[in-house]
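Keep the 3D view open while reading.

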Amino acid sequence: MSPRVDSIVVKRHALLGQHVNKGDSLVTLFSGEVASQQTEFRLAEAELKRLTKMTPGTVSKKQILTAKAEYEVAYSRLVAFGLSKQAITQTLTISPEKLGEYTLFAQTSGAVLTDNFAQGQRVDSGIELMLIADESALWVAAQLSSNQDRIINNGSTALLEVNGNRYQATVIQEAHTIDEQTRSRTVRLEVKNTQHSLHPGMFADVYFQFETEQAVLAVPENALTRSADGDWQLFVVDDDGGFAAQEVTLGRSFGDYREVFGIEAGLEVVTQGAFFIASQLAKGGFDPHNH
């Protein structure tokens, strides 16, 4: 929300963090240009009214058309300055000392995220005074590696994880350019935020969902460790409740998950603390392959 003409802040009506509805008053400003234009509008309205009330034949059609045009121009300039229809109508009846004061209203419902002004401050036209956002639905910018060549279709679903909580998100746009600084491409998602638990500036993990011709067996990356001979391994829970190391071959990467081969589906795999188990077994001289 910005003024369209150089102004001075008279009064604020909304505070930082406050939720406002469309049409609510945000801030009242004063502008000398607005006061001058309001005076022009009052004069134009009075002249048009005077001419239209005169006896037919005593005033030419051209005079009426000229007065009407001047009235419309004066009206349109007030609209351009950001005055509402109600405020323009009230211009005709307000006291002279109130000329130049006008109020900016919320164009959308949402929360006041920033307010960069103080009462009495002079602000230039175009300067952002308030930032209002509807947080019931937010955009998420997911940064993908430039080497990630998978096609992510608009409308596909993804999981968004923030502070341990998960939300359903929908892909709405995929960029086709690579950021020169981060060497990544951006995928934009939309997530519903009806509980207002998400806020702009928060970091999130995004898990995309892909369809494959065959079922994929994948485990978290932190479940993988190196064996004594340098091969990749997982720790699975055996029949006695102990841990047995099983070597696997790695496949494709899916974010924090990695496709694995050489292990049967349905086995219980250690996903937390695998490195600790491997270090303890190595420290005790215990061969995990024979466990």
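## Overall fold

Among contacts in the chain (heavy atoms within 4.5 Å) between residues at least 6 apart in sequence, 64% join residues at least 24 apart. The model is a predicted one: local features need pLDDT of at least 70, side-chain atom pairs count only at pLDDT 80 or more, and totals for chains, interfaces and linings use all residues. Residues are numbered from 1 along each chain as its sequence is written, and side-chain values use heavy atoms, with hydrogens and water left out.

The chain holds 4 helices and 18 strands. These are DSSP runs numbered from the N terminus: helices are H or I with at least four residues, strands are E with at least two. The radius of gyration is 33 Å, well over the 19 Å that the globule rule gives for 291 residues, so the chain is more spread out than a compact globule. That radius is taken over C-alpha atoms, and the rule is 2.2 Å times the number of residues to the power 0.38. Along the principal axes, the C-alpha atoms fill a box of roughly 115 × 40 × 35 Å.

## Surface and burial

The accessible surface of the chain comes to about 18200 Å² (Shrake-Rupley, 1.4 Å probe; for residues, only the protein chains shown count as cover). Carbon and sulfur atoms account for 50% of this surface. Buried residues make up 30% of the 291 residues. Buried means under 20% relative accessible area, exposed over 50%, and partly exposed in between, with a 1.4 Å probe and protein chains only.

## A four-stranded sheet

An open sheet of 4 strands runs in the order β4-β3-β1-β6, with antiparallel pairing. β4 (101–105) and β6 (122–123) stand at the edges; each has a single partner strand, so one side of each is left without a neighbour in the sheet. Two strands pair if DSSP finds at least two bridges between them. Strand β3 (residues 25–30) is joined to β4 by 5 bridges, and the two run antiparallel. T28 has T103 as its bridge partner in β4.

T108 and D24 are 84 residues apart in sequence, yet 9.1 Å apart in space, C-alpha to C-alpha. Neighbours within four places in sequence aside, T108 is in contact with V20, N21, K22 and I132.

## Helix α4

Which residues of helix α4 (residues 274–283) are buried? They are A274, I277, A278 and L281. Seen down the axis of α4, they fall within an arc of 100°, so they line one face of the helix. The arc is that of the directions from the helix axis to the C-beta atoms.

Cover for these buried residues includes β14 (225–226), β15 (232–237) and β16 (243–247). The face turned away from the buried side carries the exposed residues F275, F276 and K283.

## Loop residues

D179 lies in the loop between β10 (165–174) and β11 (184–192). D179 is partly exposed, at 36% relative accessible area. A polar atom of its side chain lies 2.8 Å from the backbone nitrogen of Q181.

R183 sits in the loop between β10 and β11. Phi of R183 is near 55°, a positive value in a residue other than glycine. N163, in the loop between β9 (157–162) and β10, has a phi near 50°, also positive in a residue other than glycine. N163 is exposed, with a relative accessible area of 68%, while R183 is partly exposed at 48%.

Definitions and conventions. A polar contact is a pair of N or O atoms within 3.5 Å; within protein, one must be able to donate a hydrogen and the other to accept it, and residues adjacent in sequence count only if both atoms are side-chain atoms.
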